[in-house]
Structures are given as structure tokens and as C-alpha cells.
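Please look over the sequence and the structure shown here before reading on. The briefing that follows is grouped by topic, so that each point can be checked against the picture.

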Amino acid sequence: MKKRILTLAVLVCWCAALLCGCAPSAKKAASDTGAPEIAGLTYESTMQLQYANCFQIYRYEGGYDLIAVSDGRNYLVIPEGGKTPRGADGYIILQKPLDSIYLAATSAMSLFCALDRLSRVKLSGAKQEDWYIPAAADAMAAGTLVYAGKYSEPDYELLMSSGCDLAIESTMILHTPEVQEKIEELGIPVFIDRSSYESHPLGRTEWFRLYGVLTDAEDEADALFGKQAEIVQSLSDFQNTEKTVAFFYVTNSGTVSVRKSSDYLAAMIELAGGRYIFKDLGDPTTATSGVTMTMEEFYAAARDADYLIYNAAIDNPLGTVDELLQKSSLFADFKAVKEGNVWCTGKYLYQATDVLGSMIQDIHTMLTGDGSQTELTFIHKLS
Amino acid sequence: MDLALETKDLAVGYGGRPLIREICMQIRRGEIVTLIGPNGAGKSTILKSLTKHLQTISGRVLVEGTDLRTMSCRRLAEKTAVMLTERVSPELMSCWDVVASGRYPFTGRMGRLTHADEQIVMDAMRTVNVLELAERSFAAISDGQRQRILLARAICQKPEILVLDEPTSYLDVRHKLELLGLLRTMARQKGVTVILSLHEIDLAQKVSDKILCVKGDRIAGFGEPAEIFQDARIRALYGLDAGAYDTAFGSVELPKIAGAPQAFVISGCGSGIPVFRQLQKDGIPFAAGILYENDIDCRVARSLAAETVTEKPFCPISDAALERAGQLMAGCERVIVTDFPIGPCNERIRELLRKIPDGKKA
Amino acid sequence: MPTKESDEARLRQAGRRRRARYALVFLVLLLAFCAITVLNINSGSVRISLPEIARILFRRTGDAAQVSIIWKIRLPRIFMAAILGGALALSGFLLQTFFGNPIAGPFVLGISSGAKMAVALTMIWFLERAGNASSAALIAAAFVGALLSTGFVLLLSRRVASMSVLLVGGIMIGYICSALTDFLVTFADDANIVNLHGWSLGSFSGMTWDNVAVAGAIVAVALALVFALSKPIGAYQLGEAYAQSMGVSVRRFRVLLILLSSVLSACVTAFAGPISFVGIAVPHLVKRGLHTARPLVVIPATFLGGAVFCMFCDLIARTAFAPTELNISTVSSVFGAPVVIFMMLRRSGRD
């Protein structure tokens with residue numbers, strides 16, 4: 001009897017906790033209804049976005065901005081020297097200048113470097129040897145950028161003593177909610193970068209403008225973004241070559257991981273003038289970006305693909321086709337292998353969000369080139 | 001009638017299957033009741049059922065008038081103490097700790113011993129003669145000593161009913177006697193009812209007020225030792241060969257050697273016993289005579305000899321006896337004569353002695 | 001000739017020696033507790049001088065960041081390590097008494113596997129749908145998962161009389177839960193369960209005062225209940241048969257013992273993940289040190305010993321290879337396993 005009561009009590013507690021976890025963190029969800037009213041602030045304008053749909057920026061008089069992200073988190077950015085307005089309850093307050101940032105979302109680093117705002121980032125979520133962006137690695141070597149633990153195990157004391165005023169995390173932080181809660185408990189606001197959920201590759205790059213707002217680099221952001229958008233626009237009239245491309249990597253257990261058809265990489269291939277080999281692969285509504293399949297399934301679906309691009313961002317880059325064959329001998333049957341059209345990315349892929357346009361250019365070159373160029377910026381041909 | 005324990009049509013067993021049924025017994029206060037019976041008969045089963053370690057299958061057990069089923073373990077613990085055959089191996093408990101645990105039903109919430117409790121524990125240990133072991137670790141003493149410690153534990157629980165399952169198994173003869181003597185004293189002086197099981201039936205005979213014979217699926221007998229301990233009943237109970245157990249003395253003998261007697265032993269007054277035993281060890285069938293029925297040689301000879309020629313007590317030796325003895329002697333290779341007194345009653349034995357052919361041994 | 005008086009005197013003297021030993025062990029434990037607490041407060045990736053620490057602790061003034069570090073980061077962690085370490089040791093002690101087996105540890109009844117399975121389920125379910133989970137949900141899930149395993153074991157214990165069969169049953173339930181977890185992991189996206197492995201190694205990092213309050217409340221209640229059960233636990237040390245003959249209601253006691261030990265280890269698993277060896281090694285060490293198994297003495301000493309041991313392991317985990325933090329199970333195994341081996345050797349030598 002006692003046991004039953006106890007079990008029941010625990011179940012009730014669990015349900016309560018689940019309900020707490022379900023409740024959205026912000027009280028004013030603004031992203032779809034238009035600029036919210038904030039007591040003490042006068043609405044000015046909304047930033048017009050070209051490709052991005054995972055965030056909105058509402059601009060208010062006096063340099064105040066409201067960044068509403070698609071996960072329901074709303075950040076009220078207060079200018080340097082500005083006061084917190086009356087209606088600030090329920091928003092996550094980011095007080096400028098944000099110059100002691102803990103960056104645990106590696107995809108945002110390239111944007112900071114391109115904006116020349118690396119100096120604002122004092123704490124890094126990756127070690128020196130894991131940064132492929134030279135500027136970041138140099139900063140760590142010079143000591144201006146310090147390793148403060150990875151996203152799941154940050155060094156809280158270092159964060160506190162460095163006077164960290166913003167923690168930029170990737171969506172991986174959602175797997176360790178206790179870390180997020182602890183950082184927030186210490187008074188450091190947490191910004192979750194959701195650029196990986198953008199369906200258009202340029203949508204990812206448009207996050208330049210968001211970080212531009214945060215770091216007072218809006219003009220530079222607009223310029224950089226504009227340049228990338230131009231590259232893509234120049235390809236927009238291009239007739240699709242209808243050549244099929246497969247983008248994948250082989251996991252340790254021998255399965256093949258491919259991107260969903262709704263993923264931005266598939267969109268990049270389309271923009272570059274090719275066709276992603278998989279149509280309607282994967283559930284676009286769920287949060288994951290990839291689908292795992294057996295070697296047989298991949299073989300059946302991608303055997304006739306014109307091009308194979310190996311994603312070395314997770315695995316190690318391949319140099320020769322033999323290395324690919326070592327992963328599975330079935331690859332020898334692939335059309336792309338027989339025709340010598342196997343390419344591989346560098347490890348840099350996920351850290352190169354600032355130049356996605358250039359990457360699309362690379363894929364375009366791969367599709368349309370005569371095959372003599374084997375070393376492009378982001379992909380190289382396997383020999 | 002002051003019944004400490006009564007069972008009415010009790011059936012006991014494991015897993016709902018009755019091993020022994022229709023157990024009816026009445027045990028008065030201050031009685032010692034011993035369960036005897038062959039291995040596996042169910043003695044432990046009965047004892048465990050009486051102490052609520054095993055659920056009874058049917059029938060009733062009344063402990064001082066109260067039905068056992070309605071009694072909680074706690075109430076039973078205030079009346080009954082046990083000593084079981086299970087090996088106890090507590091780590092890091094001293095002997096004192098083990099004995100003191102017997103005060104459990106009477107100590108307060110936290111189980112701390114009062115001064116009075118400590119005195120009781122000391123007295124119990126002193127009674128069983130284990131006080132010098134008090135500070136030693138329970139794991140470090142011999143099995144026999146452990147047995148006695150567990151007895152002390154049972155005693156210091158100050159029970160009205162004491163249930164012991166084979167309490168003498170590991171004890172040497174001195175401690176066996178001490179333990180049984182102790183039980184007798186407790187029963188007589190303090191009115192403790194003792195129920196135990198023993199393998200040593202000779203001891204059972206000597207210490208008990210009542211005996212319960214356990215064999216088959218019913219009780220083979222319940223009564224006073226004089227009634228139960230008869231050669232035929234004991235033989236039937238344990239499946240013994242004739243003459244292997246002597247109920248008068250409670251002594252056991254190894255089986256007699258079968259066959260035509262090769263030796264003839266003339267003896268008396270106990271002088272023949274060593275000879276009988278030696279012949280039996282050597283495997284030589286023998287005959288003995290002429291022995292008076294009240295001579296101690298006679299009882300042993302009956303167990304060991306192929307044939308014994310006897311004579312009624314206090315009577316002169318008859319012709320028939322002499323005749324038979326002479327016949328047997330003639331058929332034997334050897335005649336052994338021991339040194340025994342010859343008096344007016346058994347004078348005629350000299351006739352037998354004269355008839356001995358050459359080839360004898362003194 | 002031994003007289004009554006000389007017997008009494010001898011026993012009294014032995015009692016005094018015993019009590020002196022207990023006092024000594026408690027003193028050592030308390031000193032160790034204080035020393036390790038001080039060491040813990042004093043160590044971290046940020047250097048804070050001792051006088052500063054004293055000022056922050058007693059007068060709550062000082063550099064804002066440093067105050068936060070001491071009060072929000074170091075102290076809750078230290079308290080948690082102490083509370084959960086004590087809980088683990090106590091849970092181990094209960095199970096070792098119950099099974100009469102020195103290898104029984106707090107997770108032998110499949111608790112950590114049940115908790116891991118519940119956490120995996122919650123992680124996958126939440127992150128698939130809502131994309132968001134609160135730490136409270138994960139903690140509650142771990143707790144519920146652990147208690148579900150316990151529930152199964154309790155059901156088993158009704159039908160099974162022998163201790164060793166129950167032990168095997170518990171281990172089997174652990175295996176079933178692990179298998180189910182692996183099954184879930186196979187179908188889940190890598191990203192969703194990437195932290196499951198890290199969770200299962202245990203960590204005290206990131207503890208908040210809320211955590212301390214909840215864990216403290218649960219453990220305090222459990223500790224009080226265990227202490228109140230000192231008497232039947234003592235009776236149980238002679239085995240179930242004798243315990244029953246002394247009036248212990250064995251059925252109810254079994255359930256209580258399993259339940260209490262499970263709540264304690266479920267608490268630890270929920271907040272910090274499974275931590276190995278504290279529950280097995282500490283009760284041994286404490287009992288050897290005290291040279292007795294009397295529950296009234298062993299229970300508080302075990303709790304204290306567990307707290308000290310766990311705080312010590314956490315200290316090492318944090319500082320040995322700073323800034324990288326070792327997993328707490330790694331450290332506790334390094335210190336705990338040799339102790340257990342040593343105990344086994346001594347015991348088998350004696351038997």
C-alpha cells in the first residue's frame with residue numbers, strides 16, 4: 001500500500017515537472033503577429049529579411065531592438081548606456097556592449113571574424129586545435145581567446161570571473177538543459193543560435209545581420225551578406241544542369257548518413273545548378289538534419305548519381321578514391337566513382353557559414369567545369 | 001490443565017502440499033518434548049511451522065490458548081525463542097552482540113540495552129558458560145561454541161516456550177550433557193516449555209517428558225519415553241535391524257555378523273562385552289552362553305551374537321540350557337572363557353567348562 | 001576464579017574501549033569532512049585567496065563575480081557531493097545488509113539502468129517534438145525510471161524467497177533496461193542521445209541551490225527513516241529466520257529496505273547520474289574502522305564517510321587535470337576498486 005502511494009506520488013511529480021518543461025519560456029510570442037508593444041519603447045521598423053525565416057528583428061526608438069527567434073525566445077537588446085524599459089518583463093535582456101562573449105556555437109565564429117568583431121568574443125567553447133578559422137586559432141594562441149569548456153561542461157567559474165555577458169550556444173545546449181539553466185542562474189543570458197534550422201542556405205548567412213545588430217556592425221553585416229547574395233543571384237538565371245549530386249558520409253557503424261531533402265545543403269545544390277539525388281527524403285518538421293540508411297539503400301538510390309560529395313566535417317577528409325572504397329567496396333559500382341566525379345569537403349564546412357555563397361559557387365564550378373580544377377576552396381576532387 | 005502448546009489436526013508442509021497431517025498433541029507447561037524420527041521425516045518442518053517460519057497448511061496451533069495464525073510475529077517473539085539449524089554468519093558481530101540480540105523484543109525504539117538487560121545477557125552467557133567469549137568475534141569461534149552462543153541468545157530472550165532444532169549437533173559430549181541439563185533445569189525451575197528435535201535418541205530418552213515420533217505422513221506416536229522407547233517401535237521408526245539399538249541403555253551396536261557361530265564365549269558380569277565387540281569387529285560369528293537374563297553380557301550378546309543361550313534370573317542353570325550350550329560349543333572352532341565370578345547360583349557352569357574340548361583360549 | 005564483579009568489570013572495560021574507538025572514528029571523519037570542505041571551497045579555476053573566501057562566506061561582501069563563484073558555483077556543488085555521497089553509502093549499506101553480500105551496491109537492483117532508460121526516452125521524446133526539455137523533467141524522469149525498476153524488483157520479491165535469486169532478478173532487470181535503452185539509441189538520431197553516455201558517467205557540475213534543497217529534503221527524510229529502522233536492521237544481521245523469531249515483520253521490512261535504498265540511489269542517479277563504488281567501498285571501510293556492525297553507530301558513520309569520500313572524489317575530478325573535468329565515476333572507481341579488492345582478499349583469507 002505504501003509502495004503504491006509512493007509510486008503514485010512520484011508519477012504526479014513527474015507529470016508536474018513535464019508540464020513545467022513544456023511551458024514556453026517567453027510570455028510574449030511575437031514572431032508571427034507583428035511588432036509587440038513594449039511599455040516605454042516606441043516601435044520604429046521591422047528588419048526586412050531576404051532569405052532567413054528563423055528570426056525577426058523589431059527596431060525601436062533609441063537603438064533598442066527586439067530579436068524574436070523561432071524557438072519562442074525573445075531577446076531585448078538595450079543600447080550602451082540605455083536603461084531597461086518598463087515593459088521588459090518576459091524578455092531576455094542583452095545589455096550592450098556585449099564584449100565578453102562565450103561562444104559555444106562554432107558556426108557563428110566565422111560570422112564574428114568576417115565582421116571583425118572577434119575581439120568581442122573572450123571565451124571559446126572549442127579548443128585551439130579544433131578551430132579551422134585561422135583568426136580564431138591565432139586568438140587562442142595569443143591568449144585573447146580562452147578555452148572555457150565545451151557547451152556541455154562549461155567552466156562556470158571562468159565565465160563568472162571573466163565577466164561574461166552573453167553565452168551564444170548552438171541547439172546542442174537543448175540536450176543539456178541543466179547547463180543552460182545554470183548559466184542563466186549565474187546571471188549570464190543565453191542566446192541559442194538556430195541558424196542551422198534555416199532551409200535556405202542564404203538564410204543561414206543572413207544571420208550576419210543578427211550578429212551585426214548584437215555587435216554594432218550592421219553596415220559590415222549588410223555588405224558581407226549582400227556580397228554572398230549577389231553570387232547566388234548571379235546563378236539564378238542559370239539553367240539547371242539536371243546532374244544529380246549525393247552528399248553523405250559513412251558512419252563508424254557502416255551506415256550512411258545523408259541530408260534530408262529539406263536541408264540547406266540540398267538547397268545549395270539546387271542553387272548551384274544541380275539536383276540533390278534524394279527527393280522527399282526525411283521529415284522536414286523534425287529537428288534533425290540527417291537521415292541514416294544502410295549501405296544497400298544508399299547504393300540503390302545513389303548508384304546512378306553523377307557526383308558524389310563526401311562530407312568530411314564529421315569524418316576525416318578523404319584524399320583518394322581508394323580511401324572511399326575502403327569504407328565500402330560497393331562504391332566501385334557507383335557511376336560517379338567510375339567517371340571520377342567524387343569530391344570531398346574540408347573539415348571547415350560547418351564553420352564556414354559566412355561564405356555559403358562562395359560554396360555554392362564551388363559546387364557550380366564542379367557541375368559546370370571541365371574537370372580540370374580539382375582544388376576548389378571548399379571541396380576537392382578525390383584522385 | 002495448563003497447556004503451553006496444543007495442535008489440532010495440524011498439517012504442515014511446503015508450498016501448500018502437506019508433508020505430515022493430523023498432528024495432534026498437547027504440551028503442558030514446563031514439559032520437554034522431543035521430536036525424533038529419520039532424516040527428512042519432517043521434524044524441522046513441524047518446528048518451523050510452530051514458530052511461524054513456515055505457514056501451516058491446515059489445522060490449528062494454539063499457543064497458550066491463542067491461535068497462532070492470529071498472533072503477530074512480535075507477540076510470538078515475546079513468548080517463544082528459537083535455535084535453528086541455519087548457519088548464521090554475521091560480519092563484525094561479537095558474541096556479546098549476538099546474545100544481546102535476544103533482548104530485541106523487550107528493548108525500546110532504538111534497541112538500546114538497559115542495565116537490567118545487560119545483566120540478563122550476562123546471566124544467560126554465564127549459565128551456558130560462554131561468558132569468556134563475549135568480546136570475541138562470532139565468526140572466529142568454533143561451531144560448537146557458536147551453538148552455545150545461540151542457545152544463550154535464546155535464553156536471554158526469556159521465553160516461555162523454547163524451540164530448538166537439533167541443538168546438540170556440533171557439541172562434544174560434555175557440552176551435550178550441559179545443554180540438556182540446562183534445558184531440564186529451565187523446564188523444572190522456571191517452567192519453560194521446551195520443544196526440540198534430536199538425532200541422539202538415547203539423549204531424547206533421558207531428557208524428555210514426551211516424545212513425538214515423526215515418520216511418514218502421520219505422527220507415528222506421541223507419548224512418554226517409556227511407552228515410545230520399545231525395541232520394536234524404535235526399529236520400525238528408524239528402519240533398524242534387530243538388535244542395533246538397545247532401548248534400556250540407549251546404546252547402539254553395529255550389526256551382528258550372520259552365519260554359523262565359529263566361536264563360543266562363556267562369560268558373565270560384563271566381562272564378555274569386550275570379547276563380543278572384538279569378535280564382531282573381526283567379523284567372526286559367535287555364540288554366547290550361558291547368560292542370565294539380568295546379566296549385562298546378555299543384553300549385548302543378544303544384539304551381537306548369532307545365538308545366545310540364556311537362563312532365567314536368580315535360578316540355577318537348567319539342563320536344557322547346558323544341553324544347548326554344549327551343542328553349540330561342539331560346533332565351534334574356538335571357545336573363549338572370560339574371567340567371571342562363579343557363585344552358588346551358577347555353579348553348574350563348571351559342568352560346561354569341563355566339557356570344553358582342547359583348543360580354547362582364556 | 002571469575003566472579004560476577006570481575007566479569008562485569010571486564011565487560012565494562014571492553015565497552016569503554018569500544019566507545020572510545022567509535023569516538024575516534026567519528027572524530028576522524030568529522031575532521032576529514034571539514035578539511036575537504038575547506039579544500040573544495042578553496043579550489044577551482046579561479047584563484048580566490050583564503051581571507052577573501054572567509055569574507056565572502058561570513059559577510060557576503062566582495063567582488064560580485066567572486067561572490068557568485070563561491071555561493072552559486074562552489075558551495076552548491078560541495079553540498080550536493082556531500083549529500084549524494086552520503087546517500088550512496090547509506091544505500092549500499094542497506095543493500096549489503098539485506099543481501100548479506102558485500103558486493104551488493106546501490107545499483108545492483110537495476111536502478112541506474114532503469115533511470116538511464118527513462119532519461120533516454122525523455123531526451124528522445126522531448127527533443128523530437130518540443131525541441132526543448134527542462135532539467136527538472138530529466139531529473140524527474142531519472143527518478144521515476146529508477147523507482148520503476150525498484151517496483152519490478154519488489155514484485156519479484158513477493159514471489160521469491162531466496163536472497164540470491166532476488167539479486168539475480170535485480171541484475172536481470174538491469175540488463176533488460178540496458179537492452180531497451182540500446183534499442184532506443186539505435187533508432188534515435190545521434191544528436192539526440194549524444195549526451196546519454198556522458199550522463200551515465202556521473203557529474204556534479206552545474207548544481208544549483210534548488211537541486212540541493214530537493215535532494216537534501218529527500219535524503220534527510222530517508223536518513224531519518226533508516227536511522228529509525230536501526231533496531232530491525234540489527235536483527236536482520238543474524239539472518240531472516242532469526243530476525244523473524246525476534247518479532248521483525250520480515251515481509252514489510254524487505255519492502256521498506258528495498259524502497260529506502262532505492263529512493264536514495266534514485267536521488268543520486270537523478271541529480272548526478274550513476275556514481276560507482278562509493279556505495280560498495282564506503283560501508284566496508286566504515287565498518288572495518290569502527291570494528292562493528294551495530295546499526296546505531298554504523299548508519300551515521302556510513303553517511304558521513306560517504307559524504308567525505310564523494311567530496312574527495314569530486315575534488316580530484318575537478319582539479320587533477322584542470323581545466324578538463326574528469327567524470328566522477330572514474331575517480332571513485334580508481335579509489336574504490338582497490339579498497340573492495342583488499343576487502344575481498346581479507347575476507348576470503350579469514351574464511
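**A helix of chain A and what follows**

After helix H2(A) comes Asp116(A), a residue whose phi is positive, near 60 degrees. The model described here is a predicted one, and each of the topics below should be read with that in mind.

- Helix H2 of chain A, which spans residues 106-114, is mostly covered, since 8 of its 9 residues are buried.
- The buried residues of H2(A) are Thr106(A), Ser107(A), Ala108(A), Met109(A), Ser110(A), Leu111(A), Phe112(A) and Ala114(A).

**Nonpolar cores**

- The largest nonpolar core has 247 residues, and the residues with the most contacts inside this core are Val99(B), Met80(C) and Leu84(C).
- Helix H3 of chain C, made up of residues 64-99, gives the most to this core, contributing 18 residues.
- Another core, of 47 residues, lies apart from the largest one, and Val250(A), Ile269(A), Ile277(A) and Ala305(A) are among its members.
- When residues up to four places away in sequence are not counted, Met80(C) touches Phe204(C), Met207(C), Asn211(C), Val212(C), Ala215(C), Phe271(C) and Ala272(C).

**Where chain B touches chain C**

- The contact between these chains takes 25 residues from chain B and 24 residues from chain C.
- On the side of chain B that touches chain C, the elements that give two or more residues are helix H2 (73-79), strand S6 (80-83) and helix H3 (95-100), each belonging to chain B.
- H2(B) gives the most to this side of chain B, with 3 residues.
- Sorted by class, the side of chain B that touches chain C consists of 16 nonpolar, 4 polar and 5 charged residues.

**A hairpin in chain B**

- Strand S9 (residues 210-215) and strand S10 (residues 218-223), both of chain B, pair in the antiparallel sense over 5 bridges.
- Within this pairing, Ile211(B) has Gly223(B) in S10(B) as its bridge partner.
- The hairpin of S9(B) and S10(B) has 2 residues between the strands, and here Gly216(B) takes a positive phi near 70 degrees.

**Domains of chain B**

- According to the domain assignment, chain B holds domain 1 (3-246) and domain 2 (263-361).
- The C-alpha centres of domain 1 and domain 2 of chain B lie 45 Å apart.

Definitions and conventions: Residues numbered from 1 in each chain as written. Chains lettered and ligands numbered in written order. Predicted model: local features only at pLDDT ≥ 70, side-chain atom pairs only at ≥ 80, totals over all residues. Core = buried A, V, L, I, M, F, W, Y, C linked by C-beta atoms within 7 Å. Buried ≥ 20, exposed ≤ 12 C-beta atoms within 10 Å, placed from the backbone. Helix = DSSP H or I, 4+ residues; strand = E, 2+ residues; numbered from the N terminus. Contact = placed C-beta atoms within 7 Å. Nonpolar A, V, L, I, M, F, W, Y, C, P; charged D, E, K, R; others polar. Pairing = 2+ DSSP bridges. Domains from an automatic or database assignment.
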